[in-house]
Amino acid sequence: LAGGGSFLSLSAMIWLGLPADVANATNRVGVLVQSVAAAAAFQRRGVEVSEPLWPTAAAVCLGATAGAGLSVILPPELFERLLAATMLVMLGVTLLRPRSWLEPGEARRSRWPALVAAGAYGGFLQAGVGVLLLAVLVLLGGLEPVRANARKVALVALLTLPALAIYVAWGLVDWPAGALLAVGSAVGGALGSRLTVGAGAWLVWGAVGVVVVATATRLFMTG
């Protein structure tokens, strides 16, 4: 419904008692399932992007590896505080969604470091990375929004792979929780767009804002 479901899934796992680093790692299971399903849906609808996928995929995967690697070596207390601060900042960025992001710019070389940076954020936290990728692909990559969105979901699926591999290697993934999250993500991916009508999106984002602020406050107080 929200298009930023990781804010809620990550918060839910933290409130249910999972440590912040475990919740952050486990969230990638649901993200991977949902992103693959969304990418397949775009392909079935014939949405194509002329620019080759693999150069952009390599850039975001490089960043994701660095971001995930950073998250696992940080002390837990510092990670929790960074997680709380980053969630609040990204919630603001996601809610703003400037209209200029809907107007394609010319493809620029600066998109490459921007893609690496977005990938690093995705590897570190994930929540809201789609907004960053969409902005880069439209403003710096020259893609119109529908094609950019198709490319975005493919990139999110791909950058999740190295990040998830790192979290699995460090033993941070709670697989039972991840399996349940994957089921919910698959169902949400299928039904979410059908349920968001009228003021429904605003209602969802209002709930997301409350949950993120409450979770960030909890992390600041307990971290």
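Leaving aside neighbours within four places in sequence, Ala-107 is in contact with Leu-140, Gly-141 and Gly-142. The model is a predicted one. Ala-107 is placed in the loop between α4 (76–96) and α5. Its relative accessibility is 51%, so Ala-107 counts as exposed, for which the cut-off is over 50%. Leu-143 is 36 residues from Ala-107 in sequence. In space, the two C-alpha atoms are 8.0 Å apart.

Now step back to the whole chain. The chain holds nine helices and zero strands. Read from the N terminus, its elements run α-α-α-α-α-α-α-α-α. Of the 223 residues, 47% are buried. The accessible surface is about 10800 Å². Carbon and sulfur atoms own 69% of that surface. Take the contacts with a separation of 6 or more: 85% of them join residues 24 or more positions apart.

Next comes a helix pair. Two packed helices are described by the angle between their axes and the distance between the axes. Helix α5 covers residues 111–124, and helix α6 covers residues 129–140. They pack at an angle of about 175°, and their axes are 9 Å apart. That angle makes α5 roughly antiparallel to α6, because angles over 145 degrees count as such. On the α5 side, the residues that meet α6 are Arg-111, Ala-114, Leu-115, Ala-118, Tyr-121 and Gly-122. Their partners in α6 are Val-129, Leu-132, Leu-133, Val-136, Leu-137 and Leu-140. By class, this contact has ten nonpolar residues, one polar and one charged.

Stay with α5 for a moment. Gly-119 lies in this helix. Is Gly-119 buried or exposed? Gly-119 counts as buried, at 0% relative accessibility. Ala-57 is 62 residues from Gly-119 in sequence, yet their C-alpha atoms are 9.2 Å apart in space.

The loop between α5 and α6 holds Gln-126. Its phi is near 95°, a positive value in a residue other than glycine. Gln-126 counts as buried, with 6% relative accessibility.

Now turn to the core. In soluble globular proteins, nonpolar side chains tend to be buried together. Here the largest nonpolar core has 56 residues. Which of them touch the most other members? They are Leu-83, Leu-125, Leu-133 and Tyr-167. Helix α7 (residues 145–169) gives the most to this core, with nine residues.

Set aside its neighbours within four places in sequence, and Tyr-167 is in contact with Asn-24, Ala-25, Arg-28, Ala-68, Ser-71 and Val-72, among others. The list also includes Gly-123, Phe-124, Leu-172 and Val-173.

Two of those partners lead on to Val-22. Leu-172 is touched by Val-22 as well, and so is Asp-174, not counting residues up to four places away in sequence. Val-72 is 50 residues from Val-22 along the chain, and their C-alpha atoms are separated by 9.9 Å. Val-22 has its place in helix α2 (residues 20–44). Its relative accessible area is 16%, under the 20% cut-off, so Val-22 is buried.

Key:
Residues are numbered from 1 along each chain as its sequence is written. This is a predicted model: local features need pLDDT of at least 70, side-chain atom pairs count only at pLDDT 80 or more; totals for chains, interfaces and linings use all residues. Side-chain values use heavy atoms; hydrogens and water are left out. Axes are lines fitted to C-alpha atoms, for helices over the stretch in contact, and angles run from 0 to 180 degrees between N-to-C directions. Helices (H or I, at least four residues) and strands (E, at least two) are DSSP runs, numbered from the N terminus. Angles under 35 degrees count as roughly parallel, over 145 as roughly antiparallel, 65 to 115 as roughly perpendicular and the rest as oblique. Contact means heavy atoms within 4.5 Å. Ala, Val, Leu, Ile, Met, Phe, Trp, Tyr, Cys and Pro count as nonpolar, Asp, Glu, Lys and Arg as charged, and the others, Gly among them, as polar. Buried means under 20% relative accessible area, exposed over 50%, partly exposed in between (1.4 Å probe, protein chains only). Accessible areas come from the Shrake-Rupley method with a 1.4 Å probe; for residues, only the protein chains shown count as cover. A nonpolar core is a set of buried Ala, Val, Leu, Ile, Met, Phe, Trp, Tyr and Cys residues joined through side-chain atoms within 4.5 Å.
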